[in-house]
Amino acid sequence: KADLFAAYHRAVLESGSGAITARAIVGELGIGKTALVDAFASELHMARLLRVECSPVNQEVPLAAIAEFVRTSIGVRGDEPFDTIVDLISGAGGAPPPAPEGVHPMVLRLAELAANRPVGAEEEDSTVRKKQILAGLRTLVATLATHQAVVIVFDGIQWADRQSQDILSEVLKSRDPIPVFLLLVTRPDQETATLLEGIVRIE
């Protein structure tokens with residue numbers, strides 16, 4: 001727990017360095033990973049905690065973990081009117097001015113994830129869509145962190161779908177000078193080896 005707090009304070013005080021501070025809590029089932037995170041979170045008084053529980057049920061659903069993070073960030077379940085979700089993301093994420101055709105594409109990408117309602121064209125370039133999602137996610141997190149430090153927990157990251165893990169890898173490589181502390185909780189698993197590469201591990 002002391003190491004987590006040291007990393008958290010580094011994230012808050014040295015956010016100008018540009019690198020997102022992250023830790024991986026790694027251990028077998030039932031060994032106390034979630035209990036450690038709960039103990040750490042119970043003593044966070046000045047930060048906003050955003051927690052995503054990854055489930056094996058959604059392991060094959062593309063971007064399911066990222067979609068759950070967006071819902072958690074704006075406080076929705078996903079069954080709200082689509083326009084409401086768009087407005088919440090625009091307000092929370094400090095979206096750029098609307099594109100000439102209306103809502104900015106990166107807001108639409110996050111909204112369609114949160115609402116589980118694809119609105120993009122079928123023939124849309126997947127690379128472009130991924131870049132829009134990544135840009136939207138970074139903008140959303142950066143804006144949330146302008147008000148207070150943000151602690152993001154992905155619990156059971158070994159169950160996260162591959163696309164979500166890829167997006168998180170890109171987020172970790174970004175050089176955004178923001179006070180964000182990212183915690184990835186996982187069992188020992190080869191599936192997460194690429195994602196956890198370079199992250200300090202707490203075994």
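1. The axes of helix H3 (residues 64-74) and helix H7 (residues 162-173) come within 6 Å of each other and cross at roughly 65 degrees; here axes are lines fitted to C-alpha atoms, for helices over the stretch in contact, and angles run from 0 to 180 degrees between N-to-C directions. At this crossing Ala-64, Ala-65 and Ile-66 of H3 meet Ser-164, Ile-167 and Leu-168 of H7, where contact means heavy atoms within 4.5 Å. The residues of this contact divide into five nonpolar, one polar and no charged, with Ala, Val, Leu, Ile, Met, Phe, Trp, Tyr, Cys and Pro counted as nonpolar, Asp, Glu, Lys and Arg as charged, and the others, Gly among them, as polar.

2. A word on the basis of this note. This is a predicted model, in which local features need pLDDT of at least 70 and side-chain atom pairs count only at pLDDT 80 or more, while totals for chains, interfaces and linings use all residues. Residues are numbered from 1 along each chain as its sequence is written, and side-chain values use heavy atoms, with hydrogens and water left out.

3. The chain holds eight helices and five strands, and from the N terminus on its elements run α-β-α-β-α-α-α-α-β-α-β-α-β; helices (H or I, at least four residues) and strands (E, at least two) are DSSP runs, numbered from the N terminus. Of the 203 residues of the chain, 48% count as buried, a word that means under 20% relative accessible area, whereas exposed means over 50% and partly exposed lies in between (1.4 Å probe, protein chains only). Among contacts between residues at least 6 apart in sequence, 76% join residues at least 24 apart.

4. Returning to helix H7, what are its buried residues? They are Ser-164, Gln-165, Ile-167, Leu-168, Ser-169 and Val-171, and the buried residues of H7 pack against H3, H6, strand E3 (149-155), strand E4 (180-186) and helix H8 (193-196). H7 has 12 residues and reaches 17 Å from its first C-alpha to its last, close to the 16 Å expected at 1.5 Å a residue, the expected span of a helix being 1.5 Å times one less than its number of residues.

5. Ser-164 counts as buried because its relative accessibility is 0%, and, not counting residues up to four places away in sequence, Ser-164 touches Leu-63, Ala-64, Ala-65 and Ile-66. Gln-163, also in helix H7, is partly exposed, with a relative accessible area of 35%. Gln-163 and Pro-62 are 101 residues apart in sequence, yet their C-alpha atoms are 5.8 Å apart in space; leaving aside neighbours within four places in sequence, Gln-163 is in contact with Pro-62 and Leu-63.

6. Leu-63 is found in the loop between strand E2 (47-53) and H3, and Leu-63 is buried, with a relative accessible area of 9%. Its phi is positive, about 60 degrees, although Leu-63 is not a glycine. Most residues other than glycine have a negative phi.

7. Further along H3 lies Ser-73, which counts as buried at 3% relative accessibility. Apart from neighbours within four places in sequence, Ser-73 is in contact with Arg-48, Leu-50, Leu-140 and Leu-144. The C-alpha atoms of Ser-73 and Arg-48, 25 residues apart along the chain, are separated by 9.8 Å.

8. Of the 48 residues in the largest nonpolar core, Phe-154 and Leu-184 touch the most other members; such a core is a set of buried Ala, Val, Leu, Ile, Met, Phe, Trp, Tyr and Cys residues joined through side-chain atoms within 4.5 Å. Helix H6 (residues 126-144) gives the most to this core, with seven residues. Apart from this core lies another, of 17 residues, among them Ile-25, Phe-40, Val-151 and Leu-183. H6 itself has 19 residues and reaches 27 Å from its first C-alpha to its last, close to the 27 Å expected at 1.5 Å a residue.

9. Why can helix H5 (residues 105-114) be described as largely enclosed by the rest of the structure? The reason is that eight of its 10 residues are buried, namely Met-106, Val-107, Arg-109, Leu-110, Ala-111, Glu-112, Leu-113 and Ala-114. H5 is followed by Asn-116, whose phi is positive, near 55 degrees.
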